[in-house]
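This report goes through selected helices and their contacts. The sequence and structure are shown first.

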Amino acid sequence: MDIFSLLSMIGGLALFLYGMEVLGDGLKKASGGKLEHILEKLTSNKLMAVLLGAGVTAVIQSSSATTVMVVGFVNSGIMKLSQAVGVILGANVGTTVTAWILSLTDVNGSGFFLQLLKPTSFSPILAIIGVCLISMGKKERQKNIGTILIGFAVLMFGMDTMSTAVEPLAEQPEFSHILLMFSNPVLGMLVGLILTAVIQSSSASIGILQALCATGVVSYATAIPIIMGQNVGTCVTALISSAGASKNAKRAALIHLYYNIIKTVAFMAVFYALNAFIHFAFLEEAASALGVAVIHTAFNVAAVIIIFPVSWILEKLAYLTIPETEEEREKEAEKSRKEIQLLDTRFLSTPGFALEQCKNVAVDMADYSREALFLAIQMLDKFDKASADRVVELENIVDHYEDEIGAYLVKLSSRHLTEKDSQHLSVLLHSIGDFERISDHAINIMEAAKEMHAKELDFSRKAREELDIYTGAIKDIINTSVLVFQEEDLKLAAMIEPMEEVIDYLSVEVKKRHMKRLRKGKCTIEMGFILSDIVTNYERVSDHCSNIALSLLQLNEENFEAHEYQEAISSKDNVAFTTEVKHLKERYQLP
């Protein structure tokens, strides 16, 4: 093997690994976080968890990615440790699909259809289709499919290049001697373990082994121990991802490790004990890419069937390694601010799902902001210190949420996001700012109620009646806005602007009526200042509600400009808008 063959092999390996990365990214973008969401929701049944783990891994082409995701789920409290066991078992089966795809390099025959099945025949076609979809496709989905096709074509081209480059090694006695050393079960297993641990992908290391099989000098005696080692080496990624995570997340990573160690050691012990008496003849035969795929799949499927009924042992081993403390039990029982844990950095590798988790946390933030506002409004009737302290506490929680979500979204923005996901991210960033400001206005209203209580002031009967109607409008717009944000309901979002218009009208009317009472001596200047503060805060709250609705409408409209929309929608020529405003003015008519 000369220097040029070596360069070809290295280049083929680089293309192979890059193609696998591009393929995986394309599949993740195409799924848009849906696969991970399914995995999160449908794992209560252990058998279903195994099937889902296998299915998701087969689609995203990475057991490491699935296991890291599971570690994140457990760390966030989304998934229980018992549920994680099934997904981990399934992930080890799903990862074998890649080996079957790569085994297509073994297809032989002179027939047209057999020739068409060879990667060298169909990869260029996929590459051309992929390039056309990326360059000419208008929809994000088309571009994602194009990325998947190009990734697959590069992967197969790299595999073919590697296989061609290593073929001359068959004539090198030194290479045959090295492979003979790897036929030692322990040494071969260590080689497979180290290779997989370094490149952090069992699929990639299996692919490299399958490429070496093209030399014809890799026997099954060499291939089997390497395959076994690769199953253990793939655990390194999950173990690394669990660093700094909760104890339960570390236990999930240990379950993955223990499962692979147990099944590998058990297989090696049984297989080589039998070989000592039976002497399996096929061990001396040259291994093929198809043979490697068969062994890899048979081994993992058999292991799941055998271990599944007693999978609770894996969970028990994890708890024995990292015992559960009393402090941990108390933390598990504590629910405050639990939602923030959903923003696990492990989810950043699947941006679509990470964005969905941000949305879930932001919805909780919106609820806290609304609770703070309603509690502050309630104190305008009757102030109490406990409620005031709760408003301050809620405002601090909302501030914390904004900091955590904002920082997470900034990290997420540096990832490869689809155009739609980038727009969603922008909407979330703007919306959490609006919800945070609403909680600030809750503090202002609470301070007004506190001042009234301290100075023993109260509204006149007329002012109270007017403020009650105004308060009803504010409660309605905040309830509608939270629902719009949660459900992304465009019809409801379009209703916010008329409500905001009416609230602006009420603001002017309430202040005007107060000035009349002031001139007649029916109200004090001091109460006038307090009323003005409350009305101003109400008006600002409605402005933030409008911003939230406009952000959602902007996301779903092409060439949308917020200011232009506001001007167009509030135009006298807009019959639907003026009719709705008229209806709302009747609904919130001041006495």
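Which residue with a positive phi follows α23? The residue is G521, and its phi is near 75°. The model discussed here is a predicted one.

## Helix α23

Helix α23 covers residues 490–519. With 30 residues at 1.5 Å a residue, α23 should span 44 Å, and its end C-alpha atoms lie 45 Å apart, which agrees.

At the start of α23, D489 places a side-chain oxygen within 3.0 Å of the backbone nitrogen of K491. After the helix comes G521 with its positive phi.

S546 belongs to helix α24. Its relative accessible area is 2%, and because buried means under 20%, S546 counts as buried.

The side chain of S546 makes a polar contact with the side chain of E497, at 2.8 Å. S546 also lies 9.4 Å from P498, C-alpha to C-alpha, while the two are 48 residues apart in sequence.

## Packing of α21 and α24

Two packed helices are described by the angle between their axes and by the distance between those axes. For α21 (residues 419–454) and α24 (residues 525–555), the angle is about 170° and the axes are 9 Å apart. Angles over 145 degrees count as roughly antiparallel, and α21 and α24 are therefore roughly antiparallel to each other.

By class, the contact between α21 and α24 has 14 nonpolar residues, ten polar and five charged.

## Helix α11

Helix α11 runs over residues 185–199. Its 15 residues, at 1.5 Å each, should span 21 Å; the end C-alpha atoms are 22 Å apart, in agreement with this.

Which residues of α11 are buried? They are G188, G192, T196 and A197. These residues cover an arc of only 160° around the axis, so they sit on the same side of α11. An α-helix has 3.6 residues a turn, so residues three or four places apart point the same way. The face turned away from the buried side of α11 carries V186, I194 and V198, which are exposed.

## The ends of α11

At the start of α11, a side-chain oxygen of N184 comes to within 3.1 Å of the backbone nitrogen of V186. V186 is also one of the exposed residues on the face of α11 turned away from its buried side.

Just after α11, Q200 takes a positive phi, of about 55°.

How values were computed:
Residues are numbered from 1 along each chain as its sequence is written. This is a predicted model: local features need pLDDT of at least 70, side-chain atom pairs count only at pLDDT 80 or more; totals for chains, interfaces and linings use all residues. Side-chain values use heavy atoms; hydrogens and water are left out. Helices (H or I, at least four residues) and strands (E, at least two) are DSSP runs, numbered from the N terminus. The expected span of a helix is 1.5 Å times one less than its number of residues. Buried means under 20% relative accessible area, exposed over 50%, partly exposed in between (1.4 Å probe, protein chains only). The arc is that of the directions from the helix axis to the C-beta atoms. A polar contact is a pair of N or O atoms within 3.5 Å; within protein, one must be able to donate a hydrogen and the other to accept it, and residues adjacent in sequence count only if both atoms are side-chain atoms. Axes are lines fitted to C-alpha atoms, for helices over the stretch in contact, and angles run from 0 to 180 degrees between N-to-C directions. Angles under 35 degrees count as roughly parallel, over 145 as roughly antiparallel, 65 to 115 as roughly perpendicular and the rest as oblique. Ala, Val, Leu, Ile, Met, Phe, Trp, Tyr, Cys and Pro count as nonpolar, Asp, Glu, Lys and Arg as charged, and the others, Gly among them, as polar.
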